Amino acid sequence: MIHVENLTKKFGNIIAVDNISFNVEESKIFGFLGPNGAGKTTTLRMLSTLIQPTNGHIVINGHDCKKDGEYIRSIIGLLTETPGMYEKISAYENLNYFSGFYGIDEQKRKVNIERFLKMFDLWDRKDSLVSTFSKGMKQKLALARALVHEPKILFLDEPTAALDPESAHMVRTFIESLKNERTTVFLCTHNLEEASNLSDIVCIIKSKIIKISTLDELQKNKKEKKIEIVFKENAQKYIDLLKTFKEIASLALKENKAVFTLEDPEILNPKIIKLLVDNGSEIVYFNEIKASLEEIYLDLIRE
Amino acid sequence: MKKALKIFRKEIKEIIKNRSIWLPILAVSFLFSIAFPAILTIAVEDIVKDPDTAGFIAKFFGASTNVYESMIQFMIKQFIIFLLLIPAMLPSLIAPASIVLEKESNTLEPLLATPIKTSELLLGKTLTSMVPSLVISTTNFILITIVVDVFAYIKIGITPLPTWEWVIAAFILSPVISFIITMISIIVSSKSTDIRSAQGIGAVIIFPIYAIIGFQIAGFFMLNIKYLLVGCLVLVAICPLLLKLAIKVFDRENILTKWKMK
């Protein structure tokens, strides 16, 4: 659906995006993560044909971004990081105005506007001026604007920012449901839990691509694994035994739990278990805790 | 064209709600198309009694058998220039507001992300700026004609308007000035970061018209059909160049990246 090859963007001497390449399949949610200034918004702007790349190619749904900008903009929906609305007109008029640029039949437009305003609990306020809306309401309206023409691809930049927990949950559930409608989602977010729960593929960028993979692969490929041992009795008894393993790092004990990290657990875990059991410990659980996306992300960014 | 008209319709509704744009224009229109012409036409006999005024008029119109008619012709030449302020002022208020406010309110990016072509967006903004200007300016020219003709006929039995100068000013100069100021305002606004600076620069653009008013009142020259036609030719020649520059500057990447987001 989205094919990006050797994409670079320079602003004068500053290289905002440095030779990145990736593919996004149809109906997938592609999480695009990175620190501030990593080039996420610049990449998003290039994908939505707002700005031209310095080098490289973008092909969306078989169309070249440089040549077929108008077509691409007709099939995408964009939610920017700071979405603005026309404050002097109503919510309904805002959606009607923007959806009017997509050549949608008027009856269909009315149906869609009603659908999305109701979905985001804004139908009762459809005739209110947007200037009377809270930040969260404006965010939901902006999301409705990105969806009202039923785009094939949705570019979302921090979609749940400024939303209360209930609204954020509703939006995340909705984003997940888009897969069933064969909508491809390109999700830029700083909320790593959100990215972790929603994304099929995660791409971490810092001008260049640092990593691009599924969350499972990222967790498997993480060198250091986190191990948790739950004992029947207080874990403090076995601290000296655990310290005999030099490979164990970041050892933390709390009541009957011991948590630590180590590389090559497949080799060391049997030895650790044998030593503990031989010394009379009763192990209730022995787990590998999968690394969170936050831990993986922070490790990769720091490298 | 449909998309350009969509933009135009939405923005006109917003302009109508914005008193800070149309109230000053209505005030200026009333003064220069109704109040001053009416007062000066009614008072023409008293005005020409002053020997300095009569001498001033004779300098431009020669010794005339009908000094009242010459005085009215002189006033008409002044009012024509004043009325050309409207097609200059209004676009310099509307066009910057139209573009810079989109940037300030963060609606420009979502708008540019729709299938609208940059040329359609530019056309929509141009229509928003020019149509009200032309409607008001044409109305003003018609009003001044009615006012001056009615009172001049009552006072001295003549109907001095319309003249060829009036026709050139109303139907050629007015739209051309409106177009030029709109294009310059769009170019300036595409590079401006806030509405005050855009409108401030727009106010400077109409200085040449103030200068002409000043020179004419001071008696350095008197607008006649020759000057008007030369002015028209020069201004019409500038139009395609400005249009080309506006299209080049009003570019998606330019207006998104060369302006710092809040």
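The model is predicted, and local features are taken at pLDDT of at least 70, side-chain atom pairs count only at pLDDT 80 or more, while totals for chains, interfaces and linings use all residues. Residues are numbered from 1 along each chain as its sequence is written, with chains lettered from A and ligands numbered from 1 in the order in which they are written.

Chain A holds an open sheet of four strands in the order β12-β13-β11-β14, paired antiparallel. Strands are DSSP E runs of at least two residues and helices are H or I runs of at least four, both numbered from the N terminus; two strands pair if DSSP finds at least two bridges between them. The edges are formed by β12 (249-254) and β14 (283-289) of chain A, each pairing on one side only. On average, neighbouring strands of the sheet are turned by 15 degrees against each other, direction ignored. Between the antiparallel strands β11 (residues 225-231) and β14 of chain A there are six bridges, and V230(A) has Y285(A) in β14(A) as its bridge partner.

Helix α10 (residues 265-278) of chain A lies across β11, β13 (257-262) and β14 of that chain, running at about 165 degrees to β14(A). Angles run from 0 to 180 degrees between N-to-C directions, and axes are lines fitted to C-alpha atoms, for helices over the stretch in contact. With 14 residues, α10(A) reaches 19 Å from its first C-alpha to its last, close to the 20 Å expected (1.5 Å times one less than the number of residues). Just after this helix, G280(A) takes a positive phi of about 90 degrees.

In chain B, helices α6 (residues 85-104) and α8 (residues 118-156) pack at about 155 degrees, their axes 9 Å apart. The two helices, α6(B) and α8(B), are therefore roughly antiparallel (an angle over 145 degrees). Residues making this contact (C-beta atoms, placed from the backbone, within 7 Å) include I86(B), L90(B) and I94(B) of α6(B) and T128(B), M130(B) and I136(B) of α8(B). By class, the contact of α6(B) with α8(B) has 11 nonpolar, six polar and one charged residues; Ala, Val, Leu, Ile, Met, Phe, Trp, Tyr, Cys and Pro count as nonpolar, Asp, Glu, Lys and Arg as charged, and the others, Gly among them, as polar.

Turning to the chain contact, 21 residues come from chain B and 23 residues from chain A. On the side of chain B that touches chain A, two or more residues each are given by α1 (2-17), α7 (108-112) and α13 (252-257) of chain B. The largest share, five residues, belongs to α1(B). This side of chain B divides into seven nonpolar, five polar and nine charged residues.

Methods: Two residues are in contact if their C-beta atoms, placed from the backbone, lie within 7 Å. Angles under 35 degrees count as roughly parallel, over 145 as roughly antiparallel, 65 to 115 as roughly perpendicular and the rest as oblique.
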